[in-house]
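Hi everyone, thanks for making time this morning. I'd like to walk you through a model I have been looking at, so let me put it up on the screen.

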Amino acid sequence: MKIRNKITIIFVLFTALLLIAVFVFVYFSVKKYTANEFYLRLSQRATIAAQAYLEEDELNTGIYEDIRKRHLQTLPNEQEKILKIDTPENKLSPPSYYPLDLDFFTRVLETGYAETKIGENYFAAILYNDNQGNFVVILSAEDQYGQSKMQNLFKTLVTAFILSLIVLFVIGQFYAKQVLKPISDIIGQVNKIRAKNLHLRLVTNHNKDELGDLSRTFNNMLDRLETSFELQSSFVHNASHELKTPLTAIIGQTEVSLSNVRTKNEYIETLLTVEKEALRLNELINALLELTHTEHDLKGLVIESIRVDELLMGIKMGLGSKSSRQLHINFKFLPNDSKKLIFHGNPSLIKVAFLNIIDNALKFSQNGNIQLGIKATENTILISIEDEGVGIPKEELKSVFEPFFRGSNVRKYKGFGFGLPLAHKIIRLHGGDLKIYSEVGKGTSVIIELPNLEQGFEIAR
(Lines give C-alpha, C1' and ligand atoms only; values in the text may rest on other atoms or scores of the structure.)
Protein backbone atom coordinates (compact mmCIF):
# COMPACT_ATOMS: atom_id res chain seq x y z
CA MET A 1 0.00 0.00 0.00
CA LYS A 2 1.29 3.43 -0.92
CA ILE A 3 2.10 5.93 1.82
CA ARG A 4 -0.48 8.31 0.38
CA ASN A 5 -3.29 5.77 0.95
CA LYS A 6 -1.92 4.89 4.40
CA ILE A 7 -1.95 8.54 5.44
CA THR A 8 -5.51 8.92 4.12
CA ILE A 9 -6.78 5.81 5.89
CA ILE A 10 -5.14 6.74 9.19
CA PHE A 11 -6.44 10.31 8.92
CA VAL A 12 -10.01 9.10 8.18
CA LEU A 13 -9.84 6.41 10.88
CA PHE A 14 -8.76 8.71 13.69
CA THR A 15 -11.18 11.44 12.65
CA ALA A 16 -13.99 8.86 12.40
CA LEU A 17 -13.26 7.67 15.94
CA LEU A 18 -13.38 11.27 17.14
CA LEU A 19 -16.69 11.85 15.33
CA ILE A 20 -18.17 8.65 16.81
CA ALA A 21 -17.20 9.81 20.30
CA VAL A 22 -18.74 13.25 19.72
CA PHE A 23 -21.93 11.86 18.12
CA VAL A 24 -22.43 9.28 20.89
CA PHE A 25 -22.00 12.02 23.49
CA VAL A 26 -24.49 14.26 21.66
CA TYR A 27 -27.02 11.43 21.21
CA PHE A 28 -27.06 10.30 24.84
CA SER A 29 -26.99 13.89 26.13
CA VAL A 30 -30.07 14.75 24.04
CA LYS A 31 -31.72 11.46 25.08
CA LYS A 32 -31.17 12.22 28.76
CA TYR A 33 -32.40 15.78 28.36
CA THR A 34 -35.53 14.57 26.49
CA ALA A 35 -36.32 12.04 29.22
CA ASN A 36 -35.83 14.62 32.00
CA GLU A 37 -38.02 17.08 30.15
CA PHE A 38 -40.79 14.49 29.80
CA TYR A 39 -40.55 13.53 33.48
CA LEU A 40 -40.91 17.23 34.33
CA ARG A 41 -44.07 17.45 32.22
CA LEU A 42 -45.48 14.38 33.95
CA SER A 43 -44.73 15.73 37.41
CA GLN A 44 -46.35 19.09 36.58
CA ARG A 45 -49.47 17.36 35.23
CA ALA A 46 -49.54 15.17 38.35
CA THR A 47 -49.53 18.30 40.53
CA ILE A 48 -52.35 19.86 38.51
CA ALA A 49 -54.32 16.62 38.65
CA ALA A 50 -53.90 16.39 42.43
CA GLN A 51 -55.05 19.95 42.92
CA ALA A 52 -58.02 19.39 40.66
CA TYR A 53 -59.24 16.15 42.16
CA LEU A 54 -58.39 16.45 45.85
CA GLU A 55 -59.42 20.01 46.68
CA GLU A 56 -62.80 20.36 48.49
CA ASP A 57 -64.26 22.59 45.83
CA GLU A 58 -65.74 20.08 43.37
CA LEU A 59 -65.73 22.76 40.74
CA ASN A 60 -61.96 22.21 40.40
CA THR A 61 -62.49 18.88 38.71
CA GLY A 62 -64.62 20.38 36.01
CA ILE A 63 -62.18 23.27 35.59
CA TYR A 64 -59.24 20.86 35.30
CA GLU A 65 -61.01 18.75 32.68
CA ASP A 66 -61.90 21.87 30.74
CA ILE A 67 -58.30 23.22 30.91
CA ARG A 68 -56.83 19.87 29.85
CA LYS A 69 -59.15 19.58 26.88
CA ARG A 70 -58.63 23.16 25.74
CA HIS A 71 -55.00 23.93 26.60
CA LEU A 72 -53.18 20.75 27.57
CA GLN A 73 -52.40 18.21 24.91
CA THR A 74 -53.34 14.74 25.95
CA LEU A 75 -50.27 12.55 26.06
CA PRO A 76 -50.27 9.14 24.34
CA ASN A 77 -51.54 6.41 26.68
CA GLU A 78 -51.83 8.99 29.48
CA GLN A 79 -53.10 7.54 32.76
CA GLU A 80 -53.62 9.08 36.17
CA LYS A 81 -53.70 7.17 39.44
CA ILE A 82 -54.26 8.57 42.93
CA LEU A 83 -53.49 6.27 45.87
CA LYS A 84 -54.26 7.12 49.48
CA ILE A 85 -51.67 6.53 52.17
CA ASP A 86 -52.54 4.79 55.43
CA THR A 87 -52.07 7.79 57.74
CA PRO A 88 -51.47 6.08 61.15
CA GLU A 89 -48.77 3.76 59.76
CA ASN A 90 -47.76 6.00 56.88
CA LYS A 91 -47.79 3.00 54.55
CA LEU A 92 -49.02 2.41 51.08
CA SER A 93 -50.32 -0.84 49.67
CA PRO A 94 -50.16 -0.57 45.87
CA PRO A 95 -52.54 -2.67 43.82
CA SER A 96 -51.10 -6.02 42.79
CA TYR A 97 -51.94 -5.36 39.16
CA TYR A 98 -49.91 -2.12 39.06
CA PRO A 99 -46.49 -2.50 37.30
CA LEU A 100 -44.60 -0.36 39.82
CA ASP A 101 -42.60 -2.12 42.54
CA LEU A 102 -42.49 -1.34 46.25
CA ASP A 103 -39.11 0.41 45.98
CA PHE A 104 -40.69 3.04 43.71
CA PHE A 105 -43.35 3.90 46.33
CA THR A 106 -40.76 3.89 49.11
CA ARG A 107 -38.81 6.59 47.26
CA VAL A 108 -41.98 8.65 46.86
CA LEU A 109 -42.71 8.46 50.59
CA GLU A 110 -39.11 9.33 51.54
CA THR A 111 -38.33 12.09 49.03
CA GLY A 112 -41.75 13.20 47.83
CA TYR A 113 -40.99 12.31 44.22
CA ALA A 114 -40.02 9.29 42.10
CA GLU A 115 -39.71 8.51 38.42
CA THR A 116 -39.02 5.45 36.32
CA LYS A 117 -39.54 3.94 32.89
CA ILE A 118 -41.08 0.54 32.21
CA GLY A 119 -41.11 -0.50 28.58
CA GLU A 120 -42.27 2.50 26.57
CA ASN A 121 -44.14 4.09 29.50
CA TYR A 122 -42.73 6.83 31.69
CA PHE A 123 -43.97 7.05 35.30
CA ALA A 124 -43.78 10.12 37.57
CA ALA A 125 -45.23 10.17 41.10
CA ILE A 126 -45.53 12.94 43.69
CA LEU A 127 -46.53 12.93 47.38
CA TYR A 128 -49.49 15.28 47.85
CA ASN A 129 -50.64 16.43 51.28
CA ASP A 130 -54.35 17.31 51.57
CA ASN A 131 -56.82 17.96 54.42
CA GLN A 132 -58.32 14.58 53.57
CA GLY A 133 -54.94 12.83 54.10
CA ASN A 134 -51.77 12.05 52.17
CA PHE A 135 -51.94 10.81 48.62
CA VAL A 136 -49.57 9.50 45.98
CA VAL A 137 -50.42 10.88 42.57
CA ILE A 138 -49.04 8.86 39.67
CA LEU A 139 -49.09 9.98 36.08
CA SER A 140 -47.85 7.80 33.20
CA ALA A 141 -47.64 8.18 29.44
CA GLU A 142 -45.60 7.36 26.35
CA ASP A 143 -43.16 9.91 24.96
CA GLN A 144 -43.87 9.25 21.29
CA TYR A 145 -42.72 12.73 20.32
CA GLY A 146 -39.42 12.25 22.17
CA GLN A 147 -38.92 8.83 20.59
CA SER A 148 -39.58 10.28 17.17
CA LYS A 149 -37.12 13.09 17.88
CA MET A 150 -34.45 10.62 19.01
CA GLN A 151 -34.97 8.44 15.94
CA ASN A 152 -34.66 11.48 13.72
CA LEU A 153 -31.51 12.56 15.59
CA PHE A 154 -30.03 9.07 15.20
CA LYS A 155 -30.69 9.07 11.44
CA THR A 156 -29.24 12.56 11.14
CA LEU A 157 -26.07 11.61 13.03
CA VAL A 158 -25.58 8.41 11.00
CA THR A 159 -26.07 10.33 7.73
CA ALA A 160 -23.70 13.07 8.89
CA PHE A 161 -21.14 10.43 9.89
CA ILE A 162 -21.24 8.69 6.50
CA LEU A 163 -21.05 11.99 4.60
CA SER A 164 -18.23 13.10 6.88
CA LEU A 165 -16.26 9.94 6.06
CA ILE A 166 -16.66 10.59 2.34
CA VAL A 167 -15.58 14.22 2.69
CA LEU A 168 -12.71 13.24 5.00
CA PHE A 169 -11.47 10.66 2.50
CA VAL A 170 -11.43 13.24 -0.31
CA ILE A 171 -9.72 15.80 1.93
CA GLY A 172 -7.29 13.14 3.16
CA GLN A 173 -6.33 12.18 -0.37
CA PHE A 174 -5.76 15.81 -1.30
CA TYR A 175 -3.88 16.53 1.92
CA ALA A 176 -1.69 13.41 1.58
CA LYS A 177 -0.91 14.34 -2.02
CA GLN A 178 0.17 17.82 -0.96
CA VAL A 179 2.25 16.47 1.94
CA LEU A 180 3.97 13.85 -0.24
CA LYS A 181 4.44 16.12 -3.25
CA PRO A 182 7.94 17.20 -2.13
CA ILE A 183 8.87 13.51 -1.71
CA SER A 184 7.51 12.76 -5.19
CA ASP A 185 9.60 15.65 -6.52
CA ILE A 186 12.67 14.25 -4.75
CA ILE A 187 12.03 10.80 -6.26
CA GLY A 188 11.69 12.34 -9.71
CA GLN A 189 14.96 14.25 -9.30
CA VAL A 190 16.79 11.22 -7.91
CA ASN A 191 15.66 9.03 -10.82
CA LYS A 192 17.34 11.46 -13.21
CA ILE A 193 20.74 11.07 -11.53
CA ARG A 194 23.04 8.52 -13.14
CA ALA A 195 26.77 7.79 -13.03
CA LYS A 196 27.24 10.09 -16.04
CA ASN A 197 25.58 13.11 -14.38
CA LEU A 198 26.59 12.85 -10.72
CA HIS A 199 27.01 16.63 -10.73
CA LEU A 200 23.21 17.02 -10.50
CA ARG A 201 21.81 17.91 -7.06
CA LEU A 202 18.38 18.01 -5.43
CA VAL A 203 16.63 21.35 -5.12
CA THR A 204 16.44 22.18 -1.38
CA ASN A 205 14.86 25.69 -1.50
CA HIS A 206 16.58 26.24 1.87
CA ASN A 207 13.72 24.50 3.71
CA LYS A 208 14.39 23.85 7.39
CA ASP A 209 11.98 20.93 7.72
CA GLU A 210 12.71 17.19 7.58
CA LEU A 211 12.39 17.08 3.79
CA GLY A 212 14.93 19.85 3.49
CA ASP A 213 17.26 17.88 5.75
CA LEU A 214 16.65 14.79 3.60
CA SER A 215 17.54 16.69 0.41
CA ARG A 216 20.67 18.16 1.96
CA THR A 217 21.71 14.74 3.30
CA PHE A 218 21.20 13.21 -0.14
CA ASN A 219 23.16 16.03 -1.74
CA ASN A 220 26.00 15.44 0.74
CA MET A 221 25.94 11.75 -0.19
CA LEU A 222 26.10 12.70 -3.88
CA ASP A 223 29.07 14.95 -3.11
CA ARG A 224 30.86 12.00 -1.50
CA LEU A 225 29.91 9.68 -4.35
CA GLU A 226 31.07 12.15 -6.98
CA THR A 227 34.35 12.62 -5.13
CA SER A 228 34.71 8.85 -4.79
CA PHE A 229 34.05 8.35 -8.50
CA GLU A 230 36.56 11.06 -9.39
CA LEU A 231 39.15 9.56 -7.04
CA GLN A 232 38.51 6.10 -8.44
CA SER A 233 38.84 7.37 -11.98
CA SER A 234 42.02 9.24 -11.07
CA PHE A 235 43.34 6.18 -9.23
CA VAL A 236 42.74 3.86 -12.19
CA HIS A 237 44.25 6.38 -14.59
CA ASN A 238 47.37 6.97 -12.46
CA ALA A 239 47.74 3.28 -11.56
CA SER A 240 47.53 2.33 -15.23
CA HIS A 241 50.15 4.93 -16.10
CA GLU A 242 52.52 3.94 -13.28
CA LEU A 243 52.19 0.22 -14.06
CA LYS A 244 52.52 0.76 -17.79
CA THR A 245 55.81 2.71 -17.56
CA PRO A 246 58.02 -0.12 -16.15
CA LEU A 247 56.22 -2.74 -18.24
CA THR A 248 56.85 -0.72 -21.40
CA ALA A 249 60.51 -0.39 -20.48
CA ILE A 250 60.84 -4.12 -19.80
CA ILE A 251 59.08 -5.11 -23.03
CA GLY A 252 61.10 -2.59 -25.07
CA GLN A 253 64.42 -3.78 -23.67
CA THR A 254 63.61 -7.45 -24.27
CA GLU A 255 62.36 -6.80 -27.82
CA VAL A 256 65.50 -4.87 -28.69
CA SER A 257 67.73 -7.55 -27.18
CA LEU A 258 65.94 -10.34 -29.02
CA SER A 259 65.95 -8.60 -32.39
CA ASN A 260 69.65 -9.45 -32.91
CA VAL A 261 72.40 -11.47 -31.35
CA ARG A 262 74.04 -9.37 -28.60
CA THR A 263 77.29 -9.47 -26.75
CA LYS A 264 77.58 -10.62 -23.18
CA ASN A 265 77.89 -7.07 -21.86
CA GLU A 266 74.85 -5.94 -23.86
CA TYR A 267 72.77 -8.80 -22.40
CA ILE A 268 73.98 -7.91 -18.90
CA GLU A 269 73.05 -4.24 -19.47
CA THR A 270 69.61 -5.29 -20.72
CA LEU A 271 69.03 -7.59 -17.74
CA LEU A 272 70.10 -4.85 -15.32
CA THR A 273 67.57 -2.49 -16.91
CA VAL A 274 64.86 -5.17 -16.74
CA GLU A 275 65.75 -5.84 -13.08
CA LYS A 276 65.56 -2.14 -12.25
CA GLU A 277 62.14 -1.77 -13.85
CA ALA A 278 60.94 -5.05 -12.31
CA LEU A 279 62.00 -3.88 -8.83
CA ARG A 280 60.16 -0.63 -9.44
CA LEU A 281 57.09 -2.58 -10.54
CA ASN A 282 57.35 -4.85 -7.48
CA GLU A 283 57.63 -1.81 -5.19
CA LEU A 284 54.52 -0.29 -6.80
CA ILE A 285 52.52 -3.52 -6.47
CA ASN A 286 53.52 -3.87 -2.80
CA ALA A 287 52.42 -0.30 -2.14
CA LEU A 288 49.09 -1.02 -3.83
CA LEU A 289 48.63 -4.13 -1.68
CA GLU A 290 49.37 -2.19 1.50
CA LEU A 291 46.86 0.49 0.54
CA THR A 292 44.24 -2.13 -0.31
CA HIS A 293 44.90 -3.98 2.96
CA THR A 294 43.42 -1.08 4.96
CA GLU A 295 40.14 -1.33 2.99
CA HIS A 296 39.34 -4.92 4.05
CA ASP A 297 37.90 -6.41 7.22
CA LEU A 298 40.40 -5.79 10.01
CA LYS A 299 38.90 -7.90 12.80
CA GLY A 300 42.00 -10.11 12.78
CA LEU A 301 44.38 -7.27 13.66
CA VAL A 302 46.46 -7.73 16.81
CA ILE A 303 45.78 -4.74 19.06
CA GLU A 304 48.39 -3.89 21.68
CA SER A 305 49.25 -1.06 24.05
CA ILE A 306 51.80 1.20 22.34
CA ARG A 307 53.82 3.91 24.05
CA VAL A 308 54.38 6.68 21.55
CA ASP A 309 57.79 7.91 22.78
CA GLU A 310 59.19 4.37 22.68
CA LEU A 311 57.71 3.90 19.19
CA LEU A 312 59.43 7.03 17.86
CA MET A 313 62.72 6.11 19.51
CA GLY A 314 62.53 2.66 17.91
CA ILE A 315 61.91 4.21 14.48
CA LYS A 316 64.86 6.61 14.96
CA MET A 317 67.18 3.77 15.92
CA GLY A 318 66.03 1.72 12.93
CA LEU A 319 67.03 4.41 10.44
CA GLY A 320 70.45 4.70 8.91
CA SER A 321 73.08 6.71 10.74
CA LYS A 322 72.72 9.69 8.41
CA SER A 323 68.93 9.82 8.62
CA SER A 324 69.07 9.21 12.36
CA ARG A 325 71.27 12.31 12.82
CA GLN A 326 68.71 14.41 10.92
CA LEU A 327 65.87 13.27 13.21
CA HIS A 328 65.47 15.11 16.54
CA ILE A 329 62.81 14.15 19.11
CA ASN A 330 61.65 16.84 21.56
CA PHE A 331 60.72 15.37 24.96
CA LYS A 332 60.18 18.75 26.63
CA PHE A 333 56.35 18.48 26.72
CA LEU A 334 56.09 14.90 27.99
CA PRO A 335 53.45 14.55 30.76
CA ASN A 336 54.27 13.38 34.27
CA ASP A 337 51.79 10.51 33.92
CA SER A 338 53.31 8.06 31.43
CA LYS A 339 49.89 6.40 30.89
CA LYS A 340 48.85 9.44 28.85
CA LEU A 341 51.47 8.43 26.24
CA ILE A 342 49.96 4.99 25.71
CA PHE A 343 47.36 4.15 23.06
CA HIS A 344 45.86 0.97 21.63
CA GLY A 345 46.73 -0.03 18.08
CA ASN A 346 48.42 -2.44 15.72
CA PRO A 347 52.20 -1.93 16.03
CA SER A 348 52.98 -2.93 12.44
CA LEU A 349 50.46 -0.61 10.81
CA ILE A 350 51.27 2.31 13.13
CA LYS A 351 54.98 1.89 12.38
CA VAL A 352 54.25 1.91 8.63
CA ALA A 353 52.25 5.15 9.00
CA PHE A 354 54.99 6.96 10.95
CA LEU A 355 57.76 5.62 8.70
CA ASN A 356 55.96 6.88 5.58
CA ILE A 357 55.58 10.37 7.04
CA ILE A 358 59.16 10.50 8.35
CA ASP A 359 60.46 9.10 5.05
CA ASN A 360 58.68 11.92 3.17
CA ALA A 361 60.15 14.49 5.56
CA LEU A 362 63.67 13.11 5.07
CA LYS A 363 63.25 12.84 1.29
CA PHE A 364 61.95 16.36 0.70
CA SER A 365 63.99 18.23 3.34
CA GLN A 366 67.23 17.84 1.35
CA ASN A 367 69.41 16.82 4.32
CA GLY A 368 67.67 19.30 6.61
CA ASN A 369 66.71 18.62 10.22
CA ILE A 370 63.43 16.88 11.16
CA GLN A 371 61.79 17.87 14.44
CA LEU A 372 59.49 15.36 16.22
CA GLY A 373 57.37 16.66 19.08
CA ILE A 374 55.18 14.80 21.57
CA LYS A 375 52.40 16.34 23.66
CA ALA A 376 49.64 14.68 25.68
CA THR A 377 46.25 16.09 26.68
CA GLU A 378 43.60 14.51 28.88
CA ASN A 379 42.28 12.19 26.15
CA THR A 380 44.60 12.51 23.15
CA ILE A 381 48.22 12.22 22.12
CA LEU A 382 49.62 14.80 19.67
CA ILE A 383 52.68 14.02 17.55
CA SER A 384 54.19 16.69 15.29
CA ILE A 385 56.66 16.00 12.47
CA GLU A 386 58.21 19.16 11.01
CA ASP A 387 60.72 19.42 8.17
CA GLU A 388 62.51 22.24 6.36
CA GLY A 389 61.83 20.86 2.88
CA VAL A 390 60.39 22.13 -0.35
CA GLY A 391 56.85 22.35 1.01
CA ILE A 392 53.54 21.75 -0.74
CA PRO A 393 51.71 24.36 -2.85
CA LYS A 394 48.62 25.65 -1.00
CA GLU A 395 46.21 24.73 -3.79
CA GLU A 396 47.48 21.13 -3.76
CA LEU A 397 47.13 20.46 -0.02
CA LYS A 398 43.57 19.17 -0.47
CA SER A 399 44.80 16.39 -2.79
CA VAL A 400 47.71 14.99 -0.78
CA PHE A 401 45.64 12.07 0.55
CA GLU A 402 44.70 10.88 -2.94
CA PRO A 403 46.65 7.77 -4.08
CA PHE A 404 49.25 8.48 -6.79
CA PHE A 405 49.02 12.24 -6.25
CA ARG A 406 52.39 14.00 -6.23
CA GLY A 407 53.00 17.69 -5.83
CA SER A 408 53.99 19.66 -8.90
CA ASN A 409 57.30 20.68 -7.26
CA VAL A 410 58.46 17.15 -6.25
CA ARG A 411 58.31 15.28 -9.55
CA LYS A 412 62.11 14.90 -9.56
CA TYR A 413 61.99 12.90 -6.32
CA LYS A 414 61.49 9.15 -6.44
CA GLY A 415 58.10 7.86 -5.30
CA PHE A 416 54.58 6.84 -6.26
CA GLY A 417 52.37 9.05 -4.08
CA PHE A 418 51.31 6.30 -1.66
CA GLY A 419 52.98 7.39 1.58
CA LEU A 420 50.55 10.01 2.88
CA PRO A 421 47.33 8.26 1.66
CA LEU A 422 48.40 5.05 3.41
CA ALA A 423 49.41 6.86 6.60
CA HIS A 424 46.14 8.79 6.61
CA LYS A 425 44.09 5.59 6.30
CA ILE A 426 46.03 3.88 9.12
CA ILE A 427 45.67 6.86 11.48
CA ARG A 428 41.92 7.12 10.75
CA LEU A 429 41.67 3.36 11.28
CA HIS A 430 42.99 3.87 14.82
CA GLY A 431 40.40 6.55 15.59
CA GLY A 432 42.84 9.42 15.07
CA ASP A 433 43.32 12.29 12.67
CA LEU A 434 46.13 13.59 10.46
CA LYS A 435 46.50 17.24 9.45
CA ILE A 436 49.08 18.86 7.20
CA TYR A 437 50.30 22.47 7.17
CA SER A 438 52.83 23.52 4.56
CA GLU A 439 54.39 26.48 2.82
CA VAL A 440 56.48 26.27 -0.33
CA GLY A 441 60.17 26.79 0.36
CA LYS A 442 59.78 26.73 4.15
CA GLY A 443 58.75 23.19 4.95
CA THR A 444 55.85 21.00 6.05
CA SER A 445 54.32 20.25 9.44
CA VAL A 446 52.32 17.04 9.99
CA ILE A 447 50.14 16.81 13.13
CA ILE A 448 48.95 13.34 14.21
CA GLU A 449 46.24 13.04 16.86
CA LEU A 450 45.55 9.65 18.50
CA PRO A 451 43.17 8.69 21.33
CA ASN A 452 44.95 7.53 24.50
CA LEU A 453 43.90 4.80 26.94
CA GLU A 454 41.45 7.14 28.70
CA GLN A 455 39.44 7.70 25.53
CA GLY A 456 39.68 4.08 24.36
CA PHE A 457 40.04 2.67 20.86
CA GLU A 458 37.82 0.78 18.47
CA ILE A 459 38.74 -0.11 14.90
CA ALA A 460 37.08 2.39 12.57
CA ARG A 461 34.85 1.05 9.80
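Let me start with a question for you: in what order do the strands of the open sheet of 4 strands come, and how do they pair? The order is 1-4-3-2, and the pairing is antiparallel. At the edges you find strand 1, residues 79-84, and strand 2, residues 113-118. Each of these has a single partner strand, so one side of each is left without a neighbour in the sheet. On average, neighbouring strands here are turned by 20° against each other, ignoring direction.

Before I go on, please keep in mind that this is a predicted model.

Now zoom in on one pair in that sheet. Strand 1 and strand 4 are joined by 6 bridges in the antiparallel sense. If you want a landmark, find Leu83, which stands opposite Val136 in strand 4. Then look for helix 3, residues 102-111, which packs on this sheet. Helix 3 touches strand 1, strand 2, strand 3 (121-130) and strand 4, and its direction makes about 155° with that of strand 2.

While we are on strand 4, which spans residues 133-142, let me point out Ser140. Is Ser140 buried or exposed? Ser140 has a relative accessible area of 3%, and the cut-off for buried is under 20%, so Ser140 counts as buried. Which residues does Ser140 touch, leaving aside those up to four places away in sequence? They are Leu42, Asn77, Glu78, Gln79, Tyr122 and Phe123.

Let's step back to the whole chain for a moment. The protein chain has 10 helices and 11 strands. Of its 461 residues, 36% count as buried. Among contacts with a separation of 6 or more, 65% are between residues 24 or more positions apart. The chain exposes about 28,700 Å², and carbon and sulfur atoms supply 57% of that area.

Next stop is helix 1, which runs over residues 3-54 and includes Ile10. Ile10 counts as partly exposed because its relative accessibility is 44%. Ile10 also belongs to a nonpolar surface patch of about 680 Å², together with Leu13, Phe14, Leu17, Ile20, Val24 and Phe28. As a quick reminder, an α-helix has 3.6 residues a turn, so residues three or four places apart point the same way. Val26 is found in helix 1 too, and with a relative accessible area of 31% Val26 is partly exposed. How far apart are Val26 and Phe154 in sequence and in space? They are 128 residues apart in sequence, and 10.0 Å apart from C-alpha to C-alpha.

Let's walk across it. Strand 6 and strand 8, residues 370-376, run parallel and are joined by 4 bridges. Along that pair, Asn330 stands opposite Gly373 in strand 8. Strand 8 then forms a hairpin with strand 9, with 3 residues between them. Those two run antiparallel, joined by 6 bridges, and the bridge partner of Leu372 in strand 9 is Ile385.

On to the next neighbour: strand 9 pairs with strand 11 over 7 bridges in the antiparallel sense. There, Ser384 has Ile447 as its bridge partner in strand 11.

My last stop is helix 10. How many of the 11 residues of helix 10 are buried? The number is 9, so helix 10 is largely enclosed by the rest of the structure. The buried residues include Leu420, Leu422, Ile426, Ile427 and Leu429, and His424 is one of them as well. Just after helix 10, Gly431 takes a positive phi of about 75°.

How values were computed
Residues are numbered from 1 along each chain as its sequence is written. This is a predicted model: local features need pLDDT of at least 70, side-chain atom pairs count only at pLDDT 80 or more; totals for chains, interfaces and linings use all residues. Side-chain values use heavy atoms; hydrogens and water are left out. Patches are made of residues with over 30% relative accessible area and no salt bridge: like charges are joined within 9 Å, nonpolar side chains (Val, Leu, Ile, Met, Phe, Trp, Tyr) within 5 Å. Accessible areas come from the Shrake-Rupley method with a 1.4 Å probe; for residues, only the protein chains shown count as cover. A salt bridge is a side-chain nitrogen of Lys or Arg within 4 Å of a carboxyl oxygen of Asp or Glu. Buried means under 20% relative accessible area, exposed over 50%, partly exposed in between (1.4 Å probe, protein chains only). Two strands pair if DSSP finds at least two bridges between them. Contact means heavy atoms within 4.5 Å. Axes are lines fitted to C-alpha atoms, for helices over the stretch in contact, and angles run from 0 to 180 degrees between N-to-C directions.
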